[in-house]
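Here is a short briefing on how the parts of this assembly meet. Keep the sequence and the model in view while reading.

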Amino acid sequence: MDKMVFADKISYDYKAYDENGELKGTVRALDGVSLDIKHGDFITILGANGSGKSTLAKQINALLCPTEGTIFVDGKDTAEEENLLEIRQSAGMVFQNPDNQIIATVVEEDVGFGPENLGVPTKEIWERVEESLKTVGMYEYRKSSPMRLSGGQKQRVSIAGVLAMHPKCIILDEPTAMLDPQGRKEVIRAARALNDVEKITIILITHYMEEAIYSDRIFVMDEGKIVMQGTPKEIFSRPDELTKHRLTLPMATQVAYRLKEEGIPLPDGILNRKELARELIKIKEAK
Amino acid sequence: MELKTENLTYEYESNSATPTRAVDGVSFVIPGGEFLGIVGHTGSGKTTLVQLLDGLLKPSAGTVYLDGEDINAKNYSRKKMRAGIGIVFQYPEYQLFESTILKDVCFGPKNQGLKDEEAEKVAVEALKRVGIKEEQFELSPFELSGGQRRRVAIAGVLAMQPKILILDEPTAGLDPAGREEMLSLMDELNRDGMTIILISHSMEDVAAHASRIMVLDKGKVFLDGAPAEVFAHVEELENIGLAAPEAYYILEEIRKAGLEIETENTVTVEDAVSKIKKSLC
Amino acid sequence: MLKDITLGQYYRAESVIHRLDPRLKLVGSLVFMVSLFLFNNPICYLTAAVFLVIVIALSKIPVKFMLRGMKGIVFLLLITVLYHVLFTTGTVIVEFWIIHITYEGILNALMMFARLFMLIVGSSILTLTTTPTKLTDGLESLFKPLKIFRVPVHEMAMMMSIALRFIPILMEETDRIMKAQIARGADLGSKNIFVRVKGLVPILVPLFVSAFRRAGDLALAMEARCYNGGEGRTKMKVMHLRLRDFISMYILALYLGAIIVLGIFFKGLPAIVCEDMQCGLEFLIAFFKGLKG
């Protein structure tokens with residue numbers, strides 16, 4: 001099997017307990033989700049708060065196991081206990097809150113944490129740490145305390161920490177939600193570079209539309225289901241559906257869409273300002 | 001209610017020998033009923049500034065006047081000030097502590113000295129205002145979604161009936177629809193006469209909602225004026241690590257591609273649309 | 001503010017002391033503390049002080065930075081000094097009401113002050129020059145033999161280092177929550193003890209909730225990075241004793257030896273110092289009387 005992730009109708013129920021600790025019922029967070037992600041792809045999962053996208057991310061990293069259905073990561077079933085470590089090594093995960101995932105008090109020690117757990121020999125750990133920190137452009141901060149870094153820098157350290165485990169795939173679970181615009185750019189740039197240069201599969205979970213436009217495929221989630229999927233062009237040609245799922249369009253697409261409403265014959269699925277400018281020039285020349 | 005600062009300065013001790021100035025000689029007047037956006041990148045002093053405005057920090061120098069009275073004066077009543085200014089911190093949902101939503105929102109009014117029934121009355125009003133339904137009032141805050149919890153926290157401040165409301169990044173972490181709802185809530189409050197001071201990283205949000213924008217850099221007021229005025233200084237903004245709203249860059253790209261188009265005063269999507277239309281016709 | 005306490009705060013610098021093996025620094029700190037309690041003798045304190053000054057100079061930590069951390073214990077030092085001045089029996093200098101100030105008392109107070117002061121400075125050098133991670137690594141390594149008694153040494157070390165990582169974060173969080181509740185009119189400065197305790201609830205509840213949320217997040221993040229307890233783990237930073245460590249060990253042994261020898265040899269010194277103080281004072285009094293006359 002040469003699929004990075006293959007999920008077949010997986011569902012997941014959270015258990016809800018009452019004040020006395022007795023089972024009150026279950027909440028369905030994932031509802032029959034099927035996924036098919038190739039090696040080397042850049043995937044974005046869009047969805048409103050509470051749409052189930054974080055729960056889905058945790059399935060790929062085997063932090064949660066589906067209540068129904070099966071999911072294979074790099075050809076391995078996540079339900080099998082003995083696959084756990086291999087799956088977590090090949091599909092690394094970066095979380096939302098930069099403060100709650102850095103374990104060590106020095107940057108390089110945090111990046112070394114994953115390889116230490118994998119039992120990598122000491123000399124190789126150092127090589128991996130150096131290489132990973134250089135890849136995300138944080139090598140000069142290797143001796144710093146994480147407390148002194150900006151949000152974007154902390155997230156890049158977290159990415160390096162995953163990278164040092166030599167994964168085939170990195171899942172980024174809303175890595176930019178708590179960052180300022182500058183930090184957001186840094187993190188997205190790092191993720192794209194990993195995909196372009198290192199050919200690592202990226203699964204980016206976000207609700208910033210602008211971050212999705214460079215991906216190979218987009219999945220839109222709502223109420224635990226995948227409700228839309230396709231290329232960015234396809235997805236962002238369906239503004240009404242996106243609004244229904246509490247999402248929106250990238251800025252340039254919004255402008256193009258409004259212009260179309262005003263009678264200017266622009267094509268669907270314009271994603272960035274360069275495309276918009278090109279199309280407008282075409283229209284002007286046609287006149 | 002007018003909020004005014006004169007030469008406001010705040011220094012704190014750091015590892016270096018000289019103390020760091022987080023806020024450095026800031027003077028401005030915010031008349032009642034204004035919608036002010038404060039922007040600046042992380043570490044520009046925004047958060048320190050609003051804490052000074054709310055009397056949570058004592059200025060190292062300078063004064064904050066609320067309706068002409070110095071809020072740090074010895075005989076000035078804190079209670080009076082709290083009734084004047086409300087502040088919503090970043091991720092305010094993490095400050096909830098009571099067993100039910102209603103009780104939590106009553107905390108502020110009760111501290112102001114209201115009786116139980118009266119406190120409950122203003123709390124109910126505030127909760128309805130932020131769109132929490134009556135059947136949810138007796139729920140524990142932890143049974144709500146993150147976005148709803150944030151609304152409850154905002155209600156907790158609104159229930160104190162402030163004339164001026166300061167919000168620090170109230171849209172952080174919300175999805176696009178949630179962001180829009182939060183911003184329209186602010187618009188509504190402003191329409192009812194409340195002064196809104198919104199701190200935000202998003203130039204687009206500030207541009208579309210505020211009537212005045214203040215840009216902070218290194219603790220100083222860098223630019224101050226109507227959105228169109230402030231965003232006319234694109235280069236200066238870029239130099240301090242900020243940017244104009246995306247709509248401006250869209251038009252700039254179109255202009256560079258060879259279409260004759262006026263790019264000045266482009267703040268919102270609608271500005272961009274009308275200008276593109278004009279240049280095409 | 002809590003932030004002012006230097007204890008437990010790493011000061012980044014490139015120095016010999018920073019580079020020493022943490023296990024050696026741990027043992028060294030212990031030896032130094034013991035040396036302070038072996039003898040109550042001025043010459044021993046003087047030796048210890050010289051040793052300490054040399055170590056501080058080598059560690060490149062600014063004296064100002066170190067002393068800032070002492071603010072919190074000034075009160076404790078004062079109480080100790082007062083206690084010894086007031087309650088030591090011996091040759092009386094001044095006497096009024098029930099208070100007797102004696103030569104022995106003054107000497108004792110000075111020595112106690114020196115002892116406590118050096119104790120705290122000495123132990124803070126350990127934490128100032130050693131990252132918390134190295135410190136826990138050192139502790140883990142030193143306590144490794146306890147594993148045969150089924151003491152979970154690795155887990156305890158891990159807990160300690162995580163606690164150290166999150167203390168500053170939780171402190172910031174406390175500050176934020178406090179400000180948020182004050183802004184909602186919470187009364188934290190009340191003189192009434194009941195009001196004050198009640199006033200803590202709006203701060204403690206969110207703080208605990210937040211701490212648990214962070215703990216949950218962190219556990220997930222550790223699991224996602226294949227953390228599986230101490231079994232099968234390798235170490236990024238392996239501790240080897242180097243030449244500088246052996247040299248330091250030698251110096252440390254010399255220091256301890258010197259203290260013991262001096263302590264035994266100058267056993268009678270405290271009494272002599274008291275006599276000298278007495279003579280000195282009498283001489284001064286006579287001298288001033290002579291001036292007057």
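Chain B has 281 residues, for which a compact globule would have a radius of gyration near 19 Å; the chain comes out at 20 Å, so the two agree. The model is predicted. The C-alpha trace of chain B spans about 65 × 50 × 35 Å along its principal axes. Chain B holds 11 helices and 10 strands.

**Chain A against chain B**

- The contact takes 30 residues from chain A and 30 residues from chain B.
- Between them, chain A and chain B bury about 2,800 Å². Carbon and sulfur atoms carry 63% of that area.
- On the chain A side, A:Arg246, A:Met251 and A:Arg273 lose the most area to chain B. Together they make up 23% of what that side buries.
- Six salt bridges are counted between chain A and chain B. A:Arg273 forms a salt bridge with B:Glu246, at 3.0 Å from N to O.
- Helix H9 (251-261) and helix H10 (273-286) of chain A each supply at least two residues to the side that touches chain B. H10(A) gives the most, with seven residues.
- By class, the side of chain A that touches chain B has 16 nonpolar, four polar and 10 charged residues.

**Chain C against chain A**

- Here 31 residues of chain C are in contact with 39 residues of chain A.
- The buried area between chain C and chain A is about 3,200 Å². Carbon and sulfur atoms give 56% of it.
- In chain C, the residues that lose the most area to chain A are C:Arg165, C:Arg225 and C:Met236.
- Five salt bridges are counted between chain C and chain A. In the one between C:Lys237 and A:Glu108, the closest N and O atoms are 2.9 Å apart.
- The count of polar contacts between chain C and chain A is 17 residue pairs, both residues at pLDDT 80 or more.
- Helix H7 (132-143), helix H8 (153-183) and helix H9 (193-224) of chain C are the elements that give two or more residues to the side touching chain A. H9(C) gives the most, with nine residues.
- The side of chain C that touches chain A divides into 15 nonpolar, five polar and 11 charged residues.

**Inside chain C: domain 1 against domain 2**

- Chain C is divided into domain 1 (1-129 + 243-293) and domain 2 (131-229). Their centres, taken over C-alpha atoms, are 34 Å apart.
- Domain 1 of chain C puts 11 residues into the contact, and domain 2 of chain C puts in nine.
- The two domains of chain C bury about 940 Å² between them, with 80% from carbon and sulfur atoms.
- C:Pro22, C:Arg23 and C:Leu26 supply 42% of the area that domain 1 buries against domain 2, more than any other three residues.
- The count between the two domains of chain C is zero salt bridges. One residue pair is in polar contact, both residues at pLDDT 80 or more.
- Helix H2 (22-38) and helix H6 (103-129) of chain C each supply at least two residues to the domain 1 side. The largest share of that side, four residues, comes from H2(C).
- The domain 1 side that touches domain 2 of chain C has six nonpolar, three polar and two charged residues.

Technical notes: Residues are numbered from 1 along each chain as its sequence is written. Chains are lettered from A and ligands numbered from 1 in the order in which they are written. This is a predicted model: local features need pLDDT of at least 70, side-chain atom pairs count only at pLDDT 80 or more; totals for chains, interfaces and linings use all residues. Side-chain values use heavy atoms; hydrogens and water are left out. Contact means heavy atoms within 4.5 Å. Buried area is the accessible area (1.4 Å probe) that two parts lose on being put together, summed over both. A salt bridge is a side-chain nitrogen of Lys or Arg within 4 Å of a carboxyl oxygen of Asp or Glu. A polar contact is a pair of N or O atoms within 3.5 Å; within protein, one must be able to donate a hydrogen and the other to accept it, and residues adjacent in sequence count only if both atoms are side-chain atoms. Ala, Val, Leu, Ile, Met, Phe, Trp, Tyr, Cys and Pro count as nonpolar, Asp, Glu, Lys and Arg as charged, and the others, Gly among them, as polar. Domain bounds come from an automatic or database domain assignment. The radius of gyration is taken over C-alpha atoms; the globule rule is 2.2 Å times the number of residues to the power 0.38.
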